Amino acid sequence: MRDGRGTVKRKAGLRLWLSGGWLAIVALLTLLAGWISPHDPLAQDLFAARLPPFWVDGAEPGFLLGTDSLGRDVLSRIIYGGRIALTVAVIAGLATAVIGSVLGLIAGYYRGWADAVISRLVDIWMAFPPVLFAILLIAVLGTGLWSIVIAIIVIDWTRFCRVVRAEAMNQSQMDYVSSAVVAGHVRAAILWREIGPNVLPTIVALLTLEMGIAVIVEAILSFVNLSISTDAPTWGGMIAEGRISIHQAWWVLVCPLIVLFLTVLAFSQFGEGLKDRFDPVLR
Amino acid sequence: MGSGTPMFRVRGLELSLPDFANKPPLGRAPMVDILKGLDFDIEAGSVLGIVGGSGSGKSTLGRTLIRLLEPTAGSIAFEGRDIGHLDEATLRPLRRRLQMIFQDPMSSLNPRRRVGAIIADPLRIHGLDRINARVDEALDHVGLPGSFRARYPHELSGGQRQRVGIARAIAMRPDFILADEIVSGLDVSSQAQVLNLLENLVRELGLTVAFISHDLSVIRRLCSQVLVLNRGTIVEYAPVERIFDAPEAQYTRELLDAIPLPDPDQPGW
Amino acid sequence: MTPFLQIENLSAVIRGTSDRLLRSVSLEVNSGEVCGLVGESGAGKSMIGKAVLGILPAAVEIAEGQVQLDDEDLLAMPQADRRRLIGAKAALIPQDPLTALNPSRRIGPQITDRLIDILGWTRRDAANRAAELLDEVHIDNPQRVLASYPHELSGGMRQRVLIASAFAANPKLVIADEPTTALDVTVQKQILRLIREMQERHGTAMLFVTHDLGVVSKVCQRLTVLFAGKVIEQADVADFYAGPRHGYSKALLAATPKFTEPFTSLMPVDRAVITAVTAEIEAADGAWHHG
């Protein structure tokens, strides 16, 4: 099916470029926030409150996406909020991926008592309702960036563990694993060289999905005011504030919402695209 | 090889596996007996055919011989030494000498590695020298050009993949090769090529081979002894001419009669 | 009498290209006759059956030709009419008896669904017919099998169920797509006999797709040899096995294992034969592209 493969490849390419491009823009803006952002995200100016975005009449040049009810620049706050969102996404995503995948690989490949212990732990863990669990954890740890990261890791490592375990079990059945045994590989080498690379695309896809989830979780926690200190700009916090003034200044709610939506979507699409790219058959 | 000692001497070989399909909600899964006490020898330099239907235990037997599986009872003496219960570390030096060619070349070749790496990798583990030369030599033996080193398995045809599988096995210069249904996934044209190739390699390299097949018709030209397996027991174990010309067991006769020859007037149909 | 299935000049291409998977194939199957369709993987033998049943993969389209089923031109009629016609007159015996049955439903409803939904039978009639059919394919205790799930049956049993299911609505044409490839030889023999018995009893026209020239000699009256989507040879079975005319057919027959002749080497299909047949096809292709 030559053309079939061609179609898949083209789609994967476009998807990868669009989602990757968006993520690159967001990452760049947030990294260079100090130089790029037009205003101090915390500077209030009540005389410039509720200015509309540039395409609406009455807009003020210099406030591209308008201002909120305290006169703070929406664009600058989105950029600085992105900093927190991406930090949480990257650190929490990577940490969950590493912890969950290592445990999943061990359980799925070595089986035996290691699998019994890890799987029971996962079962018990997943019986807790995640949102309640998160709020409880924050209550114990106190608010702050690191509390959110830790909460996400503690709750979501099971997601990786289960999928990676199943995939590793699946790959262990393949004849090329038997042939590696025949070749005389030690078990750790088989895990690393034969099973690892074949589970990696799954891990990558899950990782980007997890980053998207981390962004959402951060937004939810800031929305209910359990995130960073209240005045620091976060997307969830902006959405919560914008909700109050939706009738007077809809852009305060809508702008961060769109950015949040696009970012989460980009993460999951980026993962799918990467997964196809990793596949030598589709490449 | 000392005279009198066969390469493999198998006695009372039994293997049971847990049957998870019939596991009660509480407690352990019941055990099913896959191999029920097998006795046979494989002489050095011979080709043993292992034949049987699905569920006969022929693949399990093969994998137990080269210790991918551990037997439940009985002994497998390789050159006089019982390897039935050796641990993985003790087995490792023996691995080079006991190789396997798999039924499905697609799933036995790691899809993410190139042909060159697939063949070279086992050589490297066993610390062999002249790895590049050995890979070229092995590809040459199976009639593939050296340029195939850079290809991925999915870029090859079924017959070519199976040649890569054979190249990987013989590159190690093993003493024994287990060939598990190696032509059943191939078209007749490449089937004949792979069989011819294996026959030549056996002669040239002095290999000892166990050739597993569900198809008696491909066994005749390759094998010297045939072991017919049904439900985990040996129903007949005899030289190849005897199996074809004067089969003793009812099951062997059924297997022979069931082969559809390319002849509209075959008796018994 | 016109043949029940008549395929004329059928070419299929990869959608949007001029790469042909079937090259002007013509063949016919009469009622009561089994026609073998032989070739190696990639020869397009399954593609023909799929083209007739209208289940070609999305990436393949028909470029030209006619498929006449019972004097009606399948390719000319609207999709819905075509489905109805095929549903009433044709059936498929698939290759893999495990994936062809839904693992999470019992056997009974999987046989009766089509009778009830498409032919409008009552539930009771359909259930009776299903039991009758299982009896016809020599399954002891049909009631127990009807209440079973696919995984509870052996491979041979599943294939019997699929044969019963194919003949359920009294089709006039059955396409068997490598129906015994997944089975042991001893089971294969039983299933081949059963297929022939059912076909004779119902007087069905049958297109029997296989890669095995041994199997063809057991069930077919005529055969068509394909290579790269092109018809290489069409012959009566007796004539063919007495001596095929085309070089490629000769090579294919020589490569088929025959244990009766001890120690003769199997003749591999050598490169010269493949080169010759490929050149022949390319010449014909040139004519097609310019025609």
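## A helix pair in chain A

Helices H8 (residues 187–223) and H10 (residues 251–278) of chain A have axes that come within 8 Å and cross at roughly 175°. That crossing angle makes H8(A) roughly antiparallel to H10(A). The model is predicted.

H8(A) contributes, among others, A:Leu200, A:Pro201, A:Val204, A:Leu207, A:Met211, A:Val215 and A:Ile216. From H10(A) come residues including A:Leu260, A:Val264, A:Phe267, A:Phe270, A:Leu274 and A:Phe278. Glycines take part too: A:Gly212 on H8(A) and A:Gly271 on H10(A). By class, the contact has 16 nonpolar, five polar and two charged residues. A:Glu272 and A:Lys275, both in H10(A), belong to the contact.

## Chain A as a whole

Chain A has 10 helices and zero strands. Read from the N terminus, its elements are α-α-α-α-α-α-α-α-α-α. The C-alpha atoms fill a box of roughly 75 × 50 × 30 Å along the principal axes.

Of the 283 residues in chain A, 45% are buried. Among contacts in chain A with a separation of 6 or more, 72% join residues 24 or more positions apart.

## Chain B: the six-stranded sheet

Chain B holds an open sheet of six strands with mixed pairing. The strand order is S6-S7-S8-S3-S9-S10. Strands S6 (98–101) and S10 (233–239) of chain B are the edges, and each pairs on one side only. On average, neighbouring strands of this sheet are turned by 15° against each other, direction ignored.

At one end of that order, S9 (residues 225–230) of chain B runs antiparallel to S10(B), joined by six bridges. Within this pairing, B:Gln225 faces B:Pro239 of S10(B).

## Chain B: the four-stranded sheet

Another open sheet of chain B has four strands in the order S2-S1-S4-S5, with antiparallel pairing. S2 (31–42) and S5 (81–82) of chain B are at the edges with a single partner strand each, so one side of each lacks a neighbour in the sheet.

Strands S1 (residues 8–18) and S4 (residues 73–78) of chain B run antiparallel and share five bridges. B:Val10 sits opposite B:Ile76 of S4(B). Helix H1 (residues 58–65) of chain B lies across S1, S2 and S4 of chain B. Its direction is at about 65° to S2(B).

## Confidence in chain B

The mean pLDDT of chain B is 90, and 99% of the residues score at least 70. Which element of chain B has the lowest mean pLDDT? Helix H3 (residues 105–108) of chain B does, with 84. S10(B) has the highest, 96. Where pLDDT is low, predicted coordinates should not be read in detail.

## Chain C: a buried strand

Five of the five residues of strand S3 (residues 34–38) of chain C are buried, so the strand is largely enclosed by the rest of the structure. Side chains in a regular strand alternate between the two faces of the sheet. In S3(C), both faces are covered. C:Val34, C:Gly36 and C:Val38 are buried on one side, C:Cys35 and C:Leu37 on the other.

S3(C) has parallel partners. Five bridges link S3(C) to S8 (residues 205–210) of chain C in the parallel sense, with C:Val38 partnered by C:Thr210. Four bridges link S3(C) to S9 (residues 222–227) of chain C, also parallel. There C:Cys35 stands opposite C:Arg222.

## Chain C: helix H1

Helix H1 (residues 45–53) of chain C is mostly covered, with seven of its nine residues buried. The buried set is C:Lys45, C:Met47, C:Ile48, C:Gly49, C:Ala51, C:Val52 and C:Leu53. Just after H1(C), C:Gly54 takes a positive phi of about 70°.

## Where chain C meets chain B

How many residues of chain C are in contact with chain B? The number is 32, and they touch 27 residues of chain B. On the chain C side, helices H7 (185–202), H8 (213–219), H9 (237–242) and H10 (247–255) each supply at least two residues. H8(C) gives the largest share, five residues.

By class, the side of chain C that touches chain B has 17 nonpolar, nine polar and six charged residues.

How values were computed: Residues are numbered from 1 along each chain as its sequence is written. Chains are lettered from A and ligands numbered from 1 in the order in which they are written. This is a predicted model: local features need pLDDT of at least 70, side-chain atom pairs count only at pLDDT 80 or more; totals for chains, interfaces and linings use all residues. Two strands pair if DSSP finds at least two bridges between them. Axes are lines fitted to C-alpha atoms, for helices over the stretch in contact, and angles run from 0 to 180 degrees between N-to-C directions. Two residues are in contact if their C-beta atoms, placed from the backbone, lie within 7 Å. Ala, Val, Leu, Ile, Met, Phe, Trp, Tyr, Cys and Pro count as nonpolar, Asp, Glu, Lys and Arg as charged, and the others, Gly among them, as polar. Angles under 35 degrees count as roughly parallel, over 145 as roughly antiparallel, 65 to 115 as roughly perpendicular and the rest as oblique. pLDDT is the predictor's confidence in each residue, from 0 to 100. A residue is buried if 20 or more other C-beta atoms lie within 10 Å of its own, exposed if 12 or fewer, and partly exposed in between; C-beta atoms are placed from the backbone.
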